[in-house]
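Walk through this model with its sheet in view, then turn to the chain contact.

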Amino acid sequence: MLGMLGIIVAAGFAITRSVPGDPVLKRVSGFGGNDLFRGDAEDEQHYREVYYREGYHLPVFYFSTGNLAVPDSFNHLPSKKFRNAVIRLSMQTGHPHKVYKLLHRTLQSLKSRNLNHNSVLNADINSIADVREIKSAVELHAEWKQLQSEISGWKKWIPVIRFHSHNQFAGWFAGDQFHKGILQGSLGYSDYSHRNVTSELKKPFTLTLLMTILSLFISVIISFITAVWIVNHRRSKISSWLSSLLVFVYALPVFWVGSMLLLVFSGNSSLGFIGTTWPLGLTTDAMNVFSLMRTYWPYLVLPVVCYSYGAVAFITRLLQSSLTAELEKEYALTLAAKGLPETVILRKHALRNAVMPVVTVVLGVLPPMAGGSVLIEQVFNVPGMGLLMMHAVQTQDMPLLTGFFLLTGALTVCCFFLIDISYLILDPRIRTSMRSPSAANYA
Amino acid sequence: MHKKKFTASGIILVFLLFLSAASPFIAGEQPLLYIHDGEWSMPFLQSENRSWNKLIITTDITEQDLIIQPIIPWSPGRSDFDNSNFVSPYAEQIITDDNGRVYPLPLRYRHLLGTTLRGADVLSGIIHGTRISLFAGCAAALLAAVIGFMTGAAGGSVAGKGIKVSTAGFLLVSICVLIIINALNIYRYGITTFPILFTVLLTSVISMWVLSRAFSNFSFYRASFTFPLDGFLMRINELFSTFPRLILILLFASFLKPSLLQVVLLLGFTGWTDLARIVRGEFIKVRHLNYTDAARLSGASQWRIYTRHLFPNILPTFSTAVFFTVAMNILLEAGLSFLGFGVPATIVTWGSLMAEGKDELNAWWMIIFPGIMLSLTVASLISISTRSQKGRGLI
């Protein structure tokens, strides 16, 4: 269970580090694109500072694959074009350190002569000595020519696995000298709003969790009543009609139902107390759950209805099939033969044996629902986890996403654990079979 | 309970398949046939360049030439500026000719389900959107079924045991894989050419194979360890299923170029986990049935056991789950285009029509009609999937 949490954490980290785009550039230039990054000396200095402070010069994970020609220390170079050029040239020649020193001197000489270094950085080893800017500097030209003659291209074909103790994952997990890590309780700082991820997640998560628990509660109550009614009247046609209606209700797209509810309730009818548009500026700083509910309940009605109609349909059909299976069992037939009315059999005996799949489903569907439904929140403009995550995905706000994955993963692990505990509570056979394995034979 | 041959959901699905296959012939502005001075042409195969409806209604071109248009003479995304800004199906719909004279639209040319903001016809958008939705749903479900079945079958067949892997062989294969990955990386940097890359790959694979054959007689080669394939695959399954599917899809859709192929790939690669879990459960159940054990004892080959005993028993449950996956994929694709991701904005789908309608709530026709189509499609798919498993609930 803890292992699964660890894998989820690592996978969330891997996803956020594998998205294309330069995170340092994003942080340095702000979210207006590259407008603020002019490439002059001050910006480059800032870029270098952020690069080293955020730890992007370290390798990503504990081990990495590479080849013999490229040492792992090249990640220390902040400039991407320079790094690519050095890697490419050292793969071609097989002498990485000579290449690095020579290229560094070449670039410095170009800068002192105020020349553009694009043609040098894109050149091949075979043609770099003939580049116009190098040809004009005699001793650089001679050294490049000598490097050309010493090419040993076999080194790049040999793969090598390297291990590092200092890496980005360790820094993110356990913290380094500039940042606290997960182990110390800090989830990082959001790229977009520069605030603590924990405080960013707190309010939307409270709201979404509240809506989830409310809707699951309501749907469980409604589906129990409906399922028991259907099974009680299962010989009449109306119950099979109701069952098919539930299939249709399950198939309704959630954003369509939301839009239709908006259509119906947004005119100023007598049902105007059900608010449709969420007020801006959710000020829940000093609120706990109950005052939240008391103040905002008109706006919660429609989203909760949208969350729960699908669960009602699913759980009702599940419970109905489970109850029907229970009523075929021997103890139910015995009770019926003894004269107990079927409603009483259902209520007192069959129901508590039939709820196990329902408990599994309800606890299993809680973590995804607590992750927020983007569609519902988009329709009703609810400031919950769904909208926050869509915003984070659009702005590629990686720390927020990693924190979200961690939260969802932890919630999932908790709920699976609760499912196992519920099996223990609800089914006495599992309890006895745990105490003595031979007792399982009587199950 | 007896099974009916033709149910309402089957009829609906056949109708939708017909709609998606025949949509260019049913809805479109370009005529199917245009005979002008004796020469025949089929304008609907070419790109759109002129407004045929304006031509037909305002002039009397039909007296001289023969023009056969599809039944619904409006193209899906094409703006009709005379009827723009959300014209209702009941409102007065007009068309103006080049001089500015206003004609009312005849009944055949009316926008039967209204128009969008830019005047595009909603009915033809719905018809063309059927194709996108059905294709995305089915193709993604096919991909998910392939991945899920292979994963579930591998996991279910070796559940509890694991597979025996020879240690030395495993090491050789992993070295070979490292060499291949390195070679591909070098090719990506643009340093080597394709013939050299190919030679290196071929040499490494062949030499690893030769080495494994050469050493196979030695005793140290036969040492093996049991790789817990089932546990490994279940961990990967849990990994993909704990992340919320829509967030994962949005994350990868935000930096990929929007296209239909991307939607299919994303839906397929995130949706295989349910299928894999079901197939794995079925395999575990079916593995040790009486007749399977009997077949194995009487010497049937593994392949024969798979095809004759295991697959036919798994097929009912698996096909149920696949239909359900198609339904969920169609819903999710509509949700994606509702949010604005997925297919490019130029392609009209049910979700994009509903997204336009959500902003302008007076345009009830834009929310209701695509939603009815979507609900009917998904409901009929789900009821087909539950029809054969009546007592089993929704999956």
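**From sheet to interface**

B:His36 has B:Glu39 of E2(B) as its bridge partner. Strands here are DSSP E runs of at least two residues, and helices are H or I runs of at least four, numbered from the N terminus. This is a predicted model: local features need pLDDT of at least 70, side-chain atom pairs count only at pLDDT 80 or more, and totals for chains, interfaces and linings use all residues. Residues are numbered from 1 along each chain as written, chains are lettered from A in the order written, and side-chain values use heavy atoms, without hydrogens and water.

Strand E1 (residues 33–36) of chain B runs antiparallel to E2(B), joined by three bridges. Pairing takes at least two DSSP bridges. The open sheet has three strands in the order E2-E1-E3 (chain B), paired antiparallel.

Now the interface. Contact (heavy atoms within 4.5 Å) involves 52 residues from chain B and 53 residues from chain A. About 4800 Å² is buried between chain B and chain A, and carbon and sulfur atoms give 83% of that area. Buried area is the accessible area (1.4 Å probe) lost on putting two parts together, summed over both.
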